[in-house]
Amino acid sequence: MIRSLFAALVILISISPAMAGPDCSRPLTLGLHEHGLLYSSDTDTGIDKDIAAELIRRSGCKVTLSLMPRARIWQLIENGALDFSLSGITNPERDRFATFAWYISNKYYLLVRNDAKVQTLADFERDPALKIGIIRSFRYSQGGNRLVDSLQAANRVSQSSGLAPLYEALALNQIQAMIIEPFDYPVLDEKKIKDITRIIEFNDPPVPHGVIMSKKALPEPEQEKWRTLINDMRADGTVRQILRRYFPPELATTMADFVDTP
Amino acid sequence: MSRLRPLLLSALTLALALAVTWLVWRHERRAADAELSAQLDYALRSVSGRIEQRISAYEQILLGAQGMMTTLSIKDRQAFSRYVQSLQLDANFTGIQTVGLVELVSEAGKAAHLAHMRRAVIADYSLHPDEEREFHAPIIQREPYLGESRNPLGYDTWSEPVRRQSLERSRDTGQVSITGKLRLQMETEAQVPPGFIMYLPLFAPGLPHDTPTLRRANLVGWVYISFRMTDFMNSLYGEQPPGLNLQIHDGVEQSQEHRIYQSGDDVAGERRVSEYLLMAGHTWTLTMSARQDYPRQHSRDAVLLIAVGGTGLATLLALLTWVMVTAQARAQRIATLMTSELRESEQRWAFALEGAGDGVWDWNLLTGEAVNSPRWKDIVGCSADCDLSTIERWKALIHPEDRGRVLAMMDEYISGAAASPSFALEYRLRCCRDSWTWVLCRGMIIARDDTGKPVRIIGTLSDITERKSYDEIIAAKGRELEHLNTNLAASNTELEMFAYVASHDLREPLRMVSSYLSLLERRYGPGLDKDALEFLGYARDGAKRMDQLVLELLDFSRIDRRGSPLTVIGLSAPLAQATGNLRVLIKEAGASIIIGPELEEIQVLGDASQIARLFQNIIENALKYRSPNREPVIRVEGRRSGDFWDIRISDNGIGIEPQYFERIFGIFQRLHTRDKYDGTGIGLAVCKKIIERHGGTIGLESEPDRGTTFIFTLRDSALSR
């Protein structure tokens, strides 16, 4: 009996700091970027918007949302001028100034024009006439990054500050490929891209996406509190529910249920 | 193949060097390309960032106006004018053409709008184009209301698709919206630069606008800022690097129709990078291109240098390789030729030496190795397979009696103590046979090390066994001859002694015979008959001639024994003495003695009394054997002949038959009977002996009945010095 009481006491003590919410003593900032189903300013909706709303609700903090280019978001996160952003992926450079709380995981695909006559990633890389469009500051899966870096060295990359111009450039054959994620599927239909393109999968494992937290803006204990909030959202199925608003249930489950191995 | 080798190596070197050059060139070119791309990308990113910042700044102006309008009516012209004035738009905002208000007017509210505007603002206010549609969006206010901004208000922006699209997007998103490329309504010139407008929706104060539906329901108008694109770009902070061209197209299509900005000349650059800039719902395509001169100004310009320098170096390397390879080949050819010539030379020498019967040897003093020619081995008697590969082996072959001497002399020579460039040794060697071979070994040091120490000696070996045997024979003969000479000298001495003693002792009995004959004649002469007296006279005459003979024989023997030492003498004095002694005889014969004047000068080595005797005997001989048919003429002459004087005494006497030329110099030799010519036959023998004692010769030339010339030689006095 005594042993049980002691164990309960230890558990209470150990979880008590985690139970405390994030510090809301100041208004926080969160950057959104326009990107397919993640966020659309036209409709003011998207997965990131929903995730942000849930975080705000659970934390009780005042968080100002801003729409800005992704490159600008990374710049501000690095400087500590922005507290959060969403659906970010990491790399060693970003790990220097940001920390992440993963909530979805998905693969990357190469969306390539049919008339480029490309069957594989290597075919695309070999043909010097083919160009790819990317969003400035975006990183992808390992294979995607390798392809982009290789084409960048060959001056075969067109940068964009957003996703929409890339679809237009692809449609106009100014670029012959771009890298997409499941968030972009509905846009393919909307922009009538599907008919003129095909998808080539990178042979990479799914890449986790998560809340981006500025190390400069948020102390480590605060980062842990926000990470706990996200983990709670994953654990109680909130993330899956949000994804189901935008994706078929199977895909939503695949994207939400992943092993978090930071 | 060997001839092609230098060419192939040079070509290979050239190919390798060119390949390396190509690799370096390609790497450098890629690096330069990457650098150029990075610079272009950076420049483009810089421009796009500045555009974004500028747009963001203008967005703040619009947001300020939007915020002000949350409490004021869009019709409050004074408040808006003050707001714009408060912005203090200075040179940094020269991109702004005007800040204005657009009011949303429904078709139903159009009349009221017109009435209000004509009453409150401009009397002749109207919408233009004045068309019937669900909504109108006329410009109702421009600030500052100056210059071109004073163009008539009332332009219905809803009527123009580009503006309307942006107005609708702004309305639906509640965000700033940027129009596409357009001609600003306030522009009056025909050719004006393209422009664009930023719109931000204004909602009725106090009413919600959180959703698109609410925004549409509560929209009252827009605040906008219009821009000339060139002015907008000129208002950006920072400066664009020279050599770069920037083009901005509206949307993603990069055509002339969509181009809204271009810096610099419209020259297609080699390099270009593009970026799609999505701002406020609208896309601009920024294209940064580098003009031809940009890389030289800002990039590494080593590509050309590497290409030219690398190619030049490759060519030089190939040439150098060719020179080195061919030089080696040339050197090899020369070395081969020299080796061949050396070999031929050695063969010739070996052939010559071997042909001459000499063996050849070659010692390495450092290793102790010895090389001997076949003839060498043949001389010593070694078989061809005999091991003579070391100097020590050679030492073992030397005769024990010679070994010490030979090795000592060799050591002396090698050490340099002998100070001679070569050496020659005679010693005995023996290899496989019982007999010893006498050899003449000649050698010479031909190589020394850096310290001057001898390292190699070569030489020849000659078989002198035969010569040695001859030497021994000659030596034996010499010894024998010497012995004979000794015996002969002793014999001569004894003979001379005998002759002297005999002649001396013979005179005593002769004198006794002669004395007793005289006593006999004196005491018993009167009693003797004529025959007895005649016989007694013969006996006494015989004794007298015998005494004369003994006397002359005694003189003859005294020539060597009692002669004076040879000294420098003139000939005139002895000659005068001789003619003086013969004065009576000369007179009786009526002879003429003609003496050459040179006789006065001649100085010879001689014994004066014997030379006088010599002259006297020969002149007396000429007087004695004078021709009865003519008066005797005797000439004495002298003539130099090398180190000697030839003295000639000629007469015109009876002459001598040539067969008697040798005989007349023999002792007691007479060509005539005593009856005809008196004499002992010793005179000319004495002359010959005198001349021989003086180291000269004596001979004669004669022709019967014409005369005789005696010629003898005497050494010049100069030989005494």
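Reader: How many residue pairs are in polar contact between chain A and chain B?
Author: Eight residue pairs, counting those where both residues have pLDDT 80 or more. That cut-off applies because this is a predicted model.

Reader: What area do the two chains bury between them?
Author: About 1,800 Å², and 47% of that is on carbon and sulfur atoms.

Reader: How many salt bridges cross the interface?
Author: Two are found between chain A and chain B. In one salt bridge, B:Asp41 pairs with A:Arg136, and the closest N and O atoms are 3.5 Å apart.

Reader: How many salt bridges are there over all chains?
Author: The search of the whole structure gives 45. Among them is the pair A:Asp50 and A:Arg245, with the closest N and O atoms 2.9 Å apart. A:Asp50 is in helix α2 (residues 47-59) of chain A, while A:Arg245 is in the loop between α10 (238-244) and α11 (249-256) of chain A, so this pair ties together parts that are 195 residues apart in sequence.

Reader: Back to β7(A). Which strand of chain B do bridges join it to, and is the run parallel or antiparallel?
Author: Two bridges join β7(A) to strand β10 (residues 271-279) of chain B, and the two run parallel. A:Ser160 has B:Tyr276 in β10(B) as its bridge partner.

Reader: What is the bridge partner of B:Tyr276 in β11(B)?
Author: B:Thr285. Strand β11 (residues 282-290) of chain B pairs with β10(B) in the antiparallel sense, over nine bridges.

Reader: What is the strand order in the sheet that holds β7(A) and β10(B)?
Author: The order is β9(A)-β5(A)-β8(A)-β6(A)-β7(A)-β10(B)-β11(B)-β8(B)-β9(B), nine strands in an open sheet with mixed pairing. At the edges stand β9 (197-201) of chain A and β9 (259-262) of chain B; each has a single partner strand, so one side of each is left without a neighbour in the sheet. Neighbouring strands are turned by 25° against each other on average, direction ignored.

Reader: Moving to chain B. Which five strands form an open sheet there?
Author: In order, β13-β12-β16-β15-β14 of chain B, with antiparallel pairing. The edge strands are β13 (369-372) and β14 (422-429) of chain B, each with a single partner strand, so one side of each has no neighbour in the sheet. The twist averages 25° from one strand to the next.

Reader: How many bridges pair β15 and β16 of chain B?
Author: Nine, between β15 (residues 437-448) and β16 (residues 454-463) of chain B, in the antiparallel sense. B:Leu461 in β16(B) is the bridge partner of B:Cys441.

Reader: Which strands does helix α11 of chain B lie across?
Author: Helix α11 (residues 400-415) of chain B lies across β12 (359-364), β14, β15 and β16 of chain B, at about 165° to β14(B). Helix α12 (residues 465-524) of chain B also packs on the sheet, touching β14, β15 and β16 of chain B, and its direction makes about 125° with that of β15(B).

Conventions
Residues numbered from 1 in each chain as written. Chains lettered and ligands numbered in written order. Predicted model: local features only at pLDDT ≥ 70, side-chain atom pairs only at ≥ 80, totals over all residues. Heavy atoms only, no water. Pairing = 2+ DSSP bridges. Helix = DSSP H or I, 4+ residues; strand = E, 2+ residues; numbered from the N terminus. Axes fitted to C-alpha atoms, helices over the stretch in contact; angles between N-to-C directions. Contact = heavy atoms within 4.5 Å. Buried area = accessible area lost by both parts, 1.4 Å probe. Salt bridge = Lys/Arg side-chain N within 4 Å of Asp/Glu carboxyl O. Polar contact = N/O pair within 3.5 Å; in protein donor to acceptor, adjacent residues only side chain to side chain.
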